[in-house]
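Hi there,

Here is the structure I promised to pass on. Have a look at it first, and my notes follow just below.

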Amino acid sequence: MSDMKSLDKKVILVTGAGGGIGRSIAIEAARAGAAVVVNDLGATLDGRNESSASAQAVVSEIEKLGGRAVANGDDVSEPEGAKAMVKQATDAFGRLDAVVNNAGILRDCFFHKMTYENFDAVLKVHLYGTFNVSHAAAVVMREQGTGSMIHMTSTSGLVGNFAQANYSSAKLGVAALSKSLALDLQRWNIRSNCIAPFAWSRMTSSIKVDSPEQEERVNRMREMKPEKIAPVALYLASDEAADTTGQIFAVRNNEIFLMSQPRPVRSVHRDEGWDIDSVARHAIPSLKASYIPLDVSADVFSWDPV
Ligand code: NAI
């Protein structure tokens, strides 16, 4: 294992850690001295099936490196599953210092074709999963008087994206949840931060390519390595980040961004109040200068909108 032991004696639970970003975080956490609960139910990308023992495979990798880890196959979208994985952490290692809410699925399609089931399934894993695991962890962390929660959000949620109404709703919900958790739990020394990662993984490799422009974008994405996300996640889990809470970082290869968060950008006031005409003729022209344009640069999807 590495000499860097910034997570010595820490216990960390990483959800969806059987592959992609979560796997890298779990392995690097172990290298940094943490005992790790590796959660993954081995879901297919759309979350419809559970397949392999991917969590156990990551545990074996960690053990080969000389680290400590246990595998967990519970479903984050089930409150009982979340409680069970937190219990496994305390049973195996006696405490729980950090959770990384990383598990995720995709069910992309243009909004008018999105079924209730596809909307619901994505919210269940990302937003409810983050709630469930954070909620179960908060009980333990409150008793300890310390803890760190790290949640994977996405620029899909922060700026919007094509064919991802379900996913972007969930991911902006995760960012909002994190902010409120940071406020509610600060008094017990529990921190909550988000990462919006960019990484080539099973999830991003599902993007369909049908034009040279899309191919170029996807080729750039191929260069974005999942292991580049781990240092920021582990910093947020460590005591070094004691004064960092309620923040959103984006991580793309060697770049770390602090993301802006919704704040009023401009306001107009009228003593006598507003009617439709004055809104149209006075308020909006003044506010329009500060409109945030729709970001269409993310259109790497070739979904048929018809
Ligand atoms: P991935 O598809 O490689 O890994 C997700 C893992 O979550 C899978 O191993 C899957 O089995 C597991 N999982 C799914 N449903 C689960 C459930 N109900 N309970 C437990 N485990 C479950 O995806 P990737 O790319 O590593 O993404 C990790 C996180 O980062 C996700 O939350 C994703 O939304 C987020 N993200 C990733 C981006 C990227 O560029 N890869 C961009 C923005 C956000």
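Arg-191 is buried but has no salt bridge. Please keep in mind that this is a predicted model. The nearest side chain of opposite charge belongs to Asp-239, and it is 5.5 Å away, whereas a salt bridge needs a side-chain nitrogen of Lys or Arg within 4 Å of a carboxyl oxygen of Asp or Glu.

What does the side chain of Arg-191 have around it, then? A polar atom of that side chain lies 3.1 Å from the backbone oxygen of Ser-238, and the backbone oxygen of Ala-241 is likewise 3.1 Å from a polar atom of the Arg-191 side chain. Leaving aside residues up to four places away in sequence, Arg-191 touches residues including Gly-147, Ser-148, Met-149, Leu-236 and Thr-244. Arg-191 itself sits in strand S6, which covers residues 190-198.

Next, helix H1. It runs over residues 20-31, 12 residues in total. From its first C-alpha to its last, H1 reaches 17 Å, close to the 16 Å expected at 1.5 Å a residue. Several of the residues in H1 are buried, among them Ile-21, Ile-25, Ile-27 and Ala-30. After H1 comes Gly-33, with a positive phi near 105°.

Finally, the cysteines. Searching the whole structure turns up zero disulfides. Cys-109 is buried, at a relative accessible area of 15%, and Cys-194 counts as buried too, with a relative accessibility of 0%.

Happy browsing, and write back whenever you like.

Best wishes

How values were computed:
Residues numbered from 1 in each chain as written. Predicted model: local features only at pLDDT ≥ 70, side-chain atom pairs only at ≥ 80, totals over all residues. Heavy atoms only, no water. Helix = DSSP H or I, 4+ residues; strand = E, 2+ residues; numbered from the N terminus. Buried < 20%, exposed > 50% of the residue type's maximum accessible area, 1.4 Å probe, protein only. Lys, Arg positive; Asp, Glu negative; His and termini not counted. Polar contact = N/O pair within 3.5 Å; in protein donor to acceptor, adjacent residues only side chain to side chain. Contact = heavy atoms within 4.5 Å. Expected span 1.5 Å × (residues − 1). Disulfide = S-S within 2.5 Å.
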